[in-house]
Amino acid sequence: MNSVHAKEKVRQYSDEYLLFGFIPATHDERLPFCLLCHQCLTNESMKRGRLENHLKAKHSIHVNSKLEYFKSLKEKFEKRSTINSLFSARSASKDRGLEASYEISLLIAKCCKNHTIGENLIKPAISTFLKVVLEKDDQDLKSMPLSNNTVSSRIDEMSCDVEVQLVEKLKYTNFSIQLDESTVRYSEALLMAYVRYVDNGEFIEDMLFCEALETTTIAIDIYKKLKTYLDDKQIPMENIISCAADGAPVMMGKKNGVLKLLKDDNPQMLLVHCVIHRQNLVSKKVSPVLNETLNAVIKCINTLKANAKCERLFKQFCKDQNADYVRLLLHTDVRWLSKGNCLKRFMELFDILSEFLDDKPYMTLLLTVDGKALVSYLADIFEKLNVLNKELQGTNMTLVNSKAKIFGFISFLELSQENISVKKFEQFYWLNKCEVTDATCLVIVEHLKIMVSDFNFRFSDLKEINYPSWMTQPLLVDLSDVTMEYQGELSELQNDDSIKALFKIKGTMMWLCEETQAKYPNTSSLARKLLLPFPSSYLVECGFSAVNDLLLKKRNRLDITKRGDLRLKLTKFLPRIKSLCSRHLAQGSH
């Protein structure tokens with residue numbers, strides 16, 4: 001027996017049904033859903049007539065309502081809170097709170113602040129802003145953990161992530177390194193190392209590590225710390241092309257110094273004695289006559305600084321005289337720029353001091369014709385030495401730059417000898433205002449000769465380094481003077497318009513660019529090798545300054561070598577916060 005079954009018809013929703021207050025049901029679009037009574041009808045009711053009858057029968061007051069009214073009901077319905085939306089919103093809030101806790105912890109580390117500042121200051125400040133300015137509640141703040149322990153943990157995690165990024169770079173590239181050790185609170189000895197390598201066409205300089213020297217600080221201890229770290233991180237010693245350090249025997253000793261031990265492991269390594277340290281050693285050499293004048297200045301300053309009442313009287317005296325400054329600056333040997341700064345300030349207040357200290361014997365010495373001329377010269381020459389010192393500081397400095405500045409200064413000293421011999425003082429601001437006797441001229445010229453001789457002696461190794469002329473002037477060099485190994489690439493380079501434009505912008509740093517390396521690999525590789533070495537230990541000294549900033553009286557229990565604060569303070573890497581967030585869920589504040 002054959003039976004015929006009619007195919008069941010499925011009705012579809014039409015946009016015109018919204019005029020009667022109906023939208024497709026969220027769980028099944030084949031069913032009409034009333035926005036007024038929230039009733040879901042059958043598919044058979046998906047007809048214009050039946051939907052209109054429903055509106056007239058149950059919602060007669062809305063029969064004449066316009067389409068805009070039902071559109072507004074639809075928007076409200078779609079924006080309603082559901083169980084799923086509440087959970088997803090809560091989860092998203094927690095995720096954002098977790099990410100924010102990392103970002104704020106990073107800021108705390110960058111600013112060298114106590115970890116308790118998150119819970120004690122930052123969260124209350126955000127809460128106040130939300131309530132007062134935005135007029136919102138602060139419920140979401142509960143999903144942002146910023147307790148002391150949480151901030152410490154976040155900082156340590158980010159520090160480890162940054163270190164991993166740095167180590168991965170150093171495993172496969174050449175780099176230079178600078179080392180120094182220093183003693184901090186409780187007689188703790190620290191060893192710090194900085195590295196420099198080329199990445200994306202520029203120098204990257206970052207702290208490699210800061211380790212504690214538990215007992216002695218002899219060369220073998222420092223060498224073992226560095227060697228152990230490199231072995232643990234699987235960084236080849238052969239990747240180090242140069243090492244810079246100060247002139248301490250433990251570092252620069254010819255038989256058992258740290259740099260000597262490193263060179264035994266890697267004979268190709270270039271050893272660099274910090275140029276700033278050497279420049280400071282030169283500045284310490286003064287003749288007995290100049291030394292007597294300098295001591296007289298220091299005694300005048302100490303007379304005022306040693307007595308609080310005397311300093312207050314001097315301050316008021318300066319104000320009465322409408323002086324630009326009201327205080328003298330102290331001279332401290334360990335602060336290399338202080339000598340020039342204190343002499344400059346002394347000369348700026350010289351006339352006032354001559355009245356205020358006229359009864360002091362050492363001021364009487366400085367008030368003579370020769371005394372004033374000599375202190376004026378000292379203020380001028382040490383100010384120029386300070387300028388040279390600052391020019392040798394900074395990031396991205398190379399031995400090429402340092403050599404140019406140092407030997408340029410030597411040439412200036414030699415010219416100054418000739419000028420002062422014939423009493424031309426225009427290059428010396430304070431000296432040019434004084435009466436200068438022949439005897440004083442002889443003292444000054446003799447001092448300049450001593451400095452020239454000492455500069456040439458201490459920088460003789462730097463003078464012997466002959467950088468190829470094509471490295472600094474690749475577009476102008478005569479190719480016949482270039483070794484045949486590089487002639488081919490340089491001849492092409494001199495006719496490469498893109499490289500010409502690059503050189504105008506970057507100068508010798510052009511050799512670090514990926515474009516130059518790809519086109520001219522031989523010349524670029526040699527140029528990079530010559531540019532990469534550190535000329536000084538400036539960055540390590542800056543690192544120890546950061547250590548002092550971190551180890552405040554209220555944070556004297558911070559283990560600077562094991563916690564991540566120092567690395568995050570000094571690094572230029574950005575921690576991969578989203579990756580760290582994915583490792584665990586957010587938790588509320590403790």
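**Notes on the predicted model**

1. Asparagine 396 is partly exposed, with a relative accessible area of 37%, where buried means under 20% relative accessible area, exposed over 50% and partly exposed in between, using a 1.4 Å probe and protein chains only. Asparagine 396 sits in the loop between H15 and helix H16 (399-421), and its phi is positive, at about 65°, although the residue is not a glycine. Most residues other than glycine have a negative phi. Helices (H or I, at least four residues) and strands (E, at least two) are DSSP runs, numbered from the N terminus.

2. On the basis of these notes: this is a predicted model, in which local features need pLDDT of at least 70 and side-chain atom pairs count only at pLDDT 80 or more, while totals for chains, interfaces and linings use all residues. Residues are numbered from 1 along each chain as its sequence is written, and side-chain values use heavy atoms, with hydrogens and water left out.

3. Lysine 423 also deserves a look, as it has a positive phi of about 60° although it is not a glycine. The loop between H16 and helix H17 (438-458) is the place of lysine 423, and with a relative accessible area of 40% this lysine is partly exposed.

4. Which residues of H10 and H15 make the contact between these helices? The axes of helix H10 (residues 288-305) and helix H15 (residues 369-392) come within 10 Å and cross at roughly 90°, the axes being lines fitted to C-alpha atoms, for helices over the stretch in contact, with angles running from 0 to 180 degrees between N-to-C directions. H10 and H15 are therefore roughly perpendicular to each other; angles under 35 degrees count as roughly parallel, over 145 as roughly antiparallel, 65 to 115 as roughly perpendicular and the rest as oblique. On the H10 side the contact is made by Val289, Leu290, Thr293, Leu294 and Val297, and on the H15 side by Gly371, Leu374, Val375, Tyr377 and Leu378, contact meaning heavy atoms within 4.5 Å.

5. H15 also packs with helix H9 (residues 275-283), the two axes coming within 10 Å and crossing at roughly 170°, which makes H9 roughly antiparallel to H15. Here Val275, Ile276, Gln279 and Ser283 in H9 meet Phe382, Leu385, Leu388, Asn389 and Leu392 in H15.

6. How many salt bridges does the model hold? With a salt bridge taken as a side-chain nitrogen of Lys or Arg within 4 Å of a carboxyl oxygen of Asp or Glu, the count comes to 24. One of them joins glutamate 16 to arginine 48, with the closest N and O atoms 2.8 Å apart. Glutamate 16 lies in the segment before strand S1 (22-24) and arginine 48 in helix H1 (residues 48-58), so the pair ties together parts that are 32 residues apart in sequence. Glutamate 16 is partly exposed at 41% relative accessibility, and arginine 48 is partly exposed at 42%.

7. Lysine 344 and glutamate 383 meet through their side chains in a salt bridge of 3.7 Å, N to O. This pair links distant parts of the chain, with lysine 344 in helix H12 (residues 338-348) and glutamate 383 in helix H15, 39 residues apart. Lysine 344 counts as partly exposed at 33%, and glutamate 383 is partly exposed at 29%.

8. Is aspartate 496 buried or exposed? Aspartate 496 forms a salt bridge with lysine 519, the closest N and O atoms being 3.1 Å apart, and the pair connects the loop between helix H20 (484-493) and helix H21 (497-506), which holds aspartate 496, with helix H22 (residues 514-519), which holds lysine 519, 23 residues apart. Aspartate 496 is buried, with a relative accessible area of 13%, whereas lysine 519 is partly exposed at 36%. Elsewhere, Glu163, Lys233 and Arg567 are linked in a network of salt bridges.

9. Aspartate 358 is found in the loop between helix H13 (350-356) and helix H14 (361-366) and is partly exposed at 49% relative accessibility. Not counting residues up to four places away in sequence, aspartate 358 touches Leu353 and Thr364. The C-alpha atoms of aspartate 358 and valine 326, which are 32 residues apart along the chain, are separated by 18 Å.
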